Every structure is written in structure tokens, then in C-alpha cells.
Amino acid sequence: PELMKNISGWISINGALHGSPLADAIVNKVGWALSRKMRETLRNLTEERMEAFHREHSAEIAHILDVVPSLFVSSWINKEMPDVTESRFLRLSKWVRKKGHQWNDGIVPNESAHLGCGNDCVRISQSDHTHVLRDV
């Protein structure tokens with residue numbers, strides 16, 4: 001609450017606000033090979049942990065959304081793009097779709113990048129996780 005007086009607005013761009021299946025997979029498959037800090041960071045981005053965080057802090061989150069103007073930007077990709085980097089994201093996007101998240105940027109499902117927004121959401125088509133700022 002004390003910090004909120006210094007915040008005039010919040011823009012979240014492809015934030016994994018409800019977690020990412022990619023974080024789940026990395027933690028479950030190769031988490032043991034990561035540094036302790038990286039492993040903990042990724043654990044905190046798993047869908048299970050983020051959903052638990054939202055359940056535990058739902059009142060605080062609702063309050064912040066009531067008093068802080070917020071904009072949530074997400075993107076999605078589902079067809080081949082011109083360069084190699086984007087092709088990697090397309091492969092990741094196909095994998096994320098198989099995990100049940102139709103619209104995603106190759107890392108973050110669209111529904112994870114938004115916090116209950118009405119008109120305060122922007123969804124950018126055919127833009128992957130790293131190119132969304134270029135495409136705005």
C-alpha cells in the first residue's frame with residue numbers, strides 16, 4: 001500500500017502472471033541442472049505456484065487493479081515467421097498449444113498474461129515473446 005502512492009500506472013507485456021507451462025517443463029525435466037537461484041525463479045513461474053499465489057493474494061490483487069490503471073499486453077503466434085529466432089518460438093508455441101493453451105507467444109499463454117481485464121487488454125497477433133515490443 002505504501003508503494004502504491006508512487007505508482008501512476010502498470011503496463012505488463014507478456015508477463016507470466018499465471019505461470020507458464022514452459023517453466024513447469026524446465027523445472028520438472030532439468031531443474032536439477034540449474035543454479036539454485038534460477039531453479040527457484042522458474043519454480044515461482046510454474047502454473048501451480050502462480051495459481052496458489054493468486055488464490056492467497058486475490059484481495060490484494062483486486063485492490064491494486066481497482067486503484068492502479070493497468071494495461072495487459074499479450075501476443076500469439078501460430079504460423080511461420082521469417083527468421084530463425086521466431087521459428088524457435090513457433091515450435092514452442094505448438095508445444096504450449098498441446099499443453100492446452102491455444103493462444104500463446106511461445107512462452108506465455110495469453111490467459112496467463114492478463115489479470116481479469118475488460119477493455120484494458122491488448123492482444124497482438126503473429127508476434128512472439130521477444131518481438132512483441134517491436135510490433136506494438
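Helices (H or I, at least four residues) and strands (E, at least two) are DSSP runs numbered from the N terminus.

This is a predicted model, in which local features need pLDDT of at least 70 and side-chain atom pairs count only at pLDDT 80 or more. Residues are numbered from 1 along each chain as its sequence is written.

**The helix pair.** The axes of helix 1 (residues 21-30) and helix 2 (residues 36-44), lines fitted to C-alpha atoms over the stretch in contact with angles from 0 to 180 degrees between N-to-C directions, come within 8 Å and cross at roughly 140°. Helix 1 and helix 2 are therefore oblique to each other. Contact means heavy atoms within 4.5 Å, and the residues that meet are listed below.

| Helix | Residues in the contact |
|---|---|
| Helix 1 | Ala23, Ile26, Val27 |
| Helix 2 | Arg39, Leu42, Arg43 |

In an open sheet, 3 strands follow the order 1-2-3 with parallel pairing; two strands pair if DSSP finds at least two bridges between them. Strand 1 (10-13) and strand 3 stand at the edges with a single partner strand each, so one side of each has no neighbour in the sheet. Strand 1 is joined to strand 2 (residues 70-76) by 4 bridges, and Trp10 has Ser70 as its bridge partner in strand 2.

**A loop residue.** Val108 lies in the loop between helix 5 (84-98) and strand 3 (121-125). Val108 is buried (under 20% relative accessible area, with exposed over 50%, partly exposed in between, for a 1.4 Å probe and protein chains only), at a relative accessible area of 3%. Among the residues that Val108 touches are Asn14 and His129.

Notes: Side-chain values use heavy atoms; hydrogens and water are left out. Angles under 35 degrees count as roughly parallel, over 145 as roughly antiparallel, 65 to 115 as roughly perpendicular and the rest as oblique. Lists of a residue's contacts leave out its neighbours within four places in sequence.
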